[in-house]
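Here is a short tour of a protein fold, written for someone new to reading structures. Have the sequence and the 3D view open as you go.

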Amino acid sequence: MSMDASNVWFKDVRSVEGILLDISGVLYDSKEGGGGVAVDGSQEAVKRLKASDLCVRFCTNETQCTREQLVSKLQGLGFELEEREVFPPAPAVCQLLQETNLRPHLLVHPDCVPDFSAVDQTNPNCVVIGDAGYNFTYHNLNKAFQTLISLRKPILISMGKGKFYKQTDGLCLDVGAYMKALEYACGVEAEVVGKPSPAFFNQVLKDMDVKPENAMMIGDDIVNDVGGAQACGMKGLQVRTGKFRPEDEHHPTVTPDGYVDNLAQAVDLLLQHR
């Protein structure tokens, strides 16, 4: 376990009441076709956090499965968590669609489709895009483009805007790359639901009944996890697992409150200094 000057963050954690945890790259690395491998020490770290007096929520941009499937997968990997504690984008998008009378054309992973079963999808007047994986074919992207370009006022809703994420076999393109393609082709700016959207973070904080200044986000994405959290007034802690790359420590616009080797180290220092 390495220690360096960036770890002074733990000297200012007495005010922390709530912890938001990213999932992919922090708790586990996913595998193509489902399943995954837990990051060393992460199951015990989650258990220790939940045994403390801290409020814990799991804040993810995962859209390759339903929330129920994600929770089941994590429980199968040895994590102690409940469905009500997990916040992916799809339920928030469904609420948005119903409140605004939008009918989506879906460009999402097949395993995520059940999350939209209660949403009217006839005669689409918007496009919803998520991490569709191998469903990101030219045909499917073009169908989404055709839907958008046919609308007088195109509406594109993106579940997150990450550039890439880490699987066990390497880095993989994320939804943000495809979102940008549709934005460019249609001259539209997507509405992002998920990290780093302030509305998404604030929804989680409201559920926790914790003020931003008393919350900390722990993630592997320096822009969407750390930067997004800091923009909302939270502390942002960067783990050196998942998609982390050494150049993140010299990011031009985001400076994390601290760096840790992994979630286990973060929890050790957090609980030790509270």
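## A strand, a helix, a strand

Start with β4, helix α2 (residues 67-76) and β5, which together make a right-handed β-α-β unit. Right-handed here means that, with the strands pointing away from you, the path from the first strand over the helix to the second runs clockwise. The helices (H or I, at least four residues) and strands (E, at least two) are DSSP runs, numbered from the N terminus.

A quick word on what you're looking at: this is a predicted model, where local features need pLDDT of at least 70 and side-chain atom pairs count only at pLDDT 80 or more, while totals for chains, interfaces and linings use all residues. Residues are numbered from 1 along each chain as its sequence is written, and side-chain values use heavy atoms, with hydrogens and water left out.

Two strands count as paired if DSSP finds at least two bridges between them. In general, strands of a sheet pair through backbone hydrogen bonds, either parallel or antiparallel.

Now go through some of the pairs. β1 and β4 are joined by four bridges in the parallel sense, and L21 has F58 in β4 as its bridge partner. Elsewhere, four bridges link β12 to the parallel strand β13 (residues 235-239), where K235 is the bridge partner of M216.

## A strand that's tucked away

Is β4 (residues 55-59) enclosed or open? Five of its five residues are buried, so β4 is largely enclosed by the rest of the structure. Buried means under 20% relative accessible area, exposed means over 50%, and partly exposed is in between (1.4 Å probe, protein chains only). C55, R57 and C59 are buried on one side of β4, and V56 and F58 are buried on the other.

## Helix α3 and the cysteines

In α3, the buried residues are P89, A90, A92, V93, C94, L96 and L97. Their cover includes β5 (86-87), β6, β7 (126-129), β8 (156-159), β11 and α6, going by contacts (heavy atoms within 4.5 Å).

How many disulfides does the whole structure have? The search finds zero, where a disulfide is a pair of cysteine sulfur atoms within 2.5 Å. For C94, the nearest cysteine sulfur is that of C112, 8.0 Å away. For C112, the nearest one belongs to C65, at 7.7 Å. C94 is buried at 8% relative accessibility, and C112 is buried at 0%.

N101 isn't a glycine, yet has a positive phi of about 55°. N101 sits in the loop between α3 (89-99) and β6 (104-107), and is exposed, with a relative accessible area of 61%. D209 isn't a glycine either, and its phi is positive at about 60°. You'll find D209 in the loop between α6 and β12 (215-219), exposed at 70%.

One more to look up: the peptide bond from K195 to P196 is cis, with omega near 10°. P196 belongs to the loop between β11 (191-193) and α6 (198-208).
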